[in-house]
Amino acid sequence: MALQKHEVWQRGSLPLVPLLLQPVAHALLQAREEVAELMQHFPSILLWVCPAGKASTGFHLQHLSGVIDRVFTYARNEPLNCYQFEELAAEGKNLKPTTTAELINRFNRQIDQALEQIKNTDEKTLTEYRPIGRAGLPSTVIGLLFHAAEHTMRHVGQLMVTVAVVKKYPLLFEGDK
């Protein structure tokens, strides 16, 4: 039996990442690895299948990128821009033909941007107040960054189930595409 690769958090500290933000970076990198492995050879034609009326693989991939982008924007104390609102409205919709590879590449770019922001986050700012959305709901820098990590991993788990069902029973969902 081959040795299993250790999860990201078990491989030690990441260079240039503040100590208090190591778990956030570990979770995002773990998500990237799991999504890459999970989505190998996933046919683009199945991206928008909604098994049992639930979210599609395409939605989860869009949402993974979008939520990281939006939450990290709030952590920088910036409002969302028009493009981010357009992307949010488009989640779950195949408004333009897209491929599995395009959605994975977008997710990977978002992880890279998030890691850069984490590396440049001063630990002294972690408890600073950050408003969320138009309502200005209360949070902190660390609260937002942690939420981005846990929300990402939650959707990776959902993605795992969706992909497994859709790949195993593609003919059941012929009318869902």
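This is a predicted model: local features need pLDDT of at least 70, side-chain atom pairs count only at pLDDT 80 or more; totals for chains, interfaces and linings use all residues.
Me: What makes a residue count as buried?

Reply: Buried means under 20% relative accessible area.

Me: Where does Asp-69 lie?

Reply: Asp-69 is part of helix α2, which covers residues 57–75.

Me: What does the side chain of Asp-69 join in a polar contact?

Reply: The partner is the side chain of Gln-84, at 3.1 Å. Leaving aside residues up to four places away in sequence, Asp-69 touches Gln-84 and Gln-110.

Me: Is Thr-98 buried or exposed?

Reply: Thr-98 has a relative accessible area of 17%, so Thr-98 is buried. Thr-98 lies in the loop between α3 (82–90) and α4 (100–119).

Me: Which residues does Thr-98 touch, not counting those up to four places away in sequence?

Reply: Thr-98 touches Ser-44, Leu-47, Trp-48 and Leu-103. Its side chain also has a polar contact of 2.8 Å with the side chain of Glu-102.

Me: How is a pair of aromatic rings described?

Reply: By the distance of the centres and the angle of the planes. In this model the count comes to 0 aromatic pairs.

Me: Which charged end sits over the ring of Phe-85?

Reply: The charged end of Arg-134 does, 4.5 Å from the centre of that ring.

How values were computed:
Residues are numbered from 1 along each chain as its sequence is written. Side-chain values use heavy atoms; hydrogens and water are left out. Rings of Phe, Tyr and Trp (its six-membered ring) pair if their centres lie within 6.5 Å; planes under 30 degrees apart count as stacked, over 60 as edge-to-face and the rest as tilted. A charge sits over a ring if NZ of Lys or CZ of Arg is within 6 Å of the ring centre and within 35 degrees of the ring normal. Helices (H or I, at least four residues) and strands (E, at least two) are DSSP runs, numbered from the N terminus. A polar contact is a pair of N or O atoms within 3.5 Å; within protein, one must be able to donate a hydrogen and the other to accept it, and residues adjacent in sequence count only if both atoms are side-chain atoms. Contact means heavy atoms within 4.5 Å. Buried means under 20% relative accessible area, exposed over 50%, partly exposed in between (1.4 Å probe, protein chains only).
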